[in-house]
Amino acid sequence: MKKPSWGTLAERYSVEQPQRKLLALDGGGIRGLITLEILLELESQLKKKLERGDDFRLSDYFDYIAGTSTGAIIAAGLSLGMSVQTLIDFYLEKGEAMFDKAFLANFGRNFYKDKKLAQELKTTFGDGTNLFLDSGKFHSLLLVVTMNRSTDSPWPISNNPLAKFNDPDREDCNLKIKLYQLVRASTAAPAYFPPETLQWDPNDPEKTFVFVDGGVTPYNNPAFLLFRMATQPAYKLNWKTGEDNLLLVSVGTGSSPTPGGYGNFLDTLKSLPDNLMYASQVDQDINCRIFGCCAYGAHIDRELGDLVLPEEALSNPDREKRLFRYIRYNVNLSQEGLEEIGLSHIESEHVRQLDSVKFLDELQEVGREAAKQVKISHLGKFV
């Protein structure tokens, strides 16, 4: 077995650090614009607090960035050192093209063709000649969540060279997968896009798998999964747990429970991906708030409240410490939720859908309002 190599990231990752910082990004289609507006504010505040120049990137701050579906697109871009504004421009310029309406003849298979989506991802993340997961172009660790439909199991794929299935001696080494194909696999929402077929081992046809959107796994919100992959011995990073050692920031694309019941087959088919994403994001968020020290997060429900520790509890040296410091930024996209943040002029139906490409301006407005939640003080001792 060859010795795992950190390559250009050796100085940052091959030695133990007292603190590590994680960023997890939900799935949610074109609603990724909401995520990006929140990240833009976070990037701006960090740049000011750390006294950095215009070349500052979130990948300079966060050590491990995870994403599912649209979150995978954003996570990949950030890990490559892209600015948040560059990714916002990408969504504004290419969003409508990526959600290209399928011809009526394709009805019964998928709502959208995947050729434009694949082409835009290929253009952005390379054609595979020099941008595999072991490429020296990454600025941070990256985790992309996919769903292997052939085995009916979630497949979280990272560029961590220490991971078992990233051993370069393996014929089916994860690091040999092209980045744009991996991101495309994570965005293949059932009923919206065709699945992505990837051959893991060129010499073994049985290692050819069909992938669909990572959002149909329990990890549409990949935050708790990211924590596990950063700390559990099986993944060999073994980063230290503790509120002062590990920071986890989780950013959503908007909470979007589907109102009412399923009216017909077509409504049911279109609603299912969003239903699954909403249910999984809430569950993973609750896990993080229970096992982590939650410094910020919205109300969950009438029974749990928000599980945020009040300031007096946070500063109590005698309380039982948690496994990490946790922050959750998201926004309620119901009509009531929009009214609460002063956006009663925006219709919930316009911004709830995964394919709301006709309402990009409204999505950005919601994102900018949601970004007002961001406060550098939430990061505690990590700045």
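The sulfur of Cys-294 lies 7.7 Å from the closest cysteine sulfur, in Cys-293, which is too far for a bond. The structure holds 0 disulfides, a disulfide being a pair of cysteine sulfur atoms within 2.5 Å.

This is a predicted model, in which local features need pLDDT of at least 70, side-chain atom pairs count only at pLDDT 80 or more, and totals for chains, interfaces and linings use all residues. Residues are numbered from 1 along each chain as its sequence is written, and side-chain values use heavy atoms, with hydrogens and water left out.

Burial is judged by relative accessible area: under 20% is buried, over 50% is exposed, and partly exposed is in between (1.4 Å probe, protein chains only).

| Residue | Relative accessibility | Class |
|---|---|---|
| Cys-293 | 0% | buried |
| Cys-294 | 0% | buried |
| Thr-146 | 1% | buried |
| Leu-323 | 33% | partly exposed |

Thr-146 is found in strand β3 (residues 141-148); strands (E, at least two residues) and helices (H or I, at least four) are DSSP runs, numbered from the N terminus. A polar atom of the Thr-146 side chain lies 2.7 Å from the backbone oxygen of Trp-155. Leaving aside neighbours within four places in sequence, Thr-146 is in contact (heavy atoms within 4.5 Å) with residues including Leu-182, Ala-185 and Ser-186.

Helix α7 (residues 179-186) has 8 of its 8 residues buried, so the helix is largely enclosed by the rest of the structure.

Leu-323 sits in the loop between α10 (311-314) and β9 (325-329).

Key
Polar contact = N/O pair within 3.5 Å; in protein donor to acceptor, adjacent residues only side chain to side chain.
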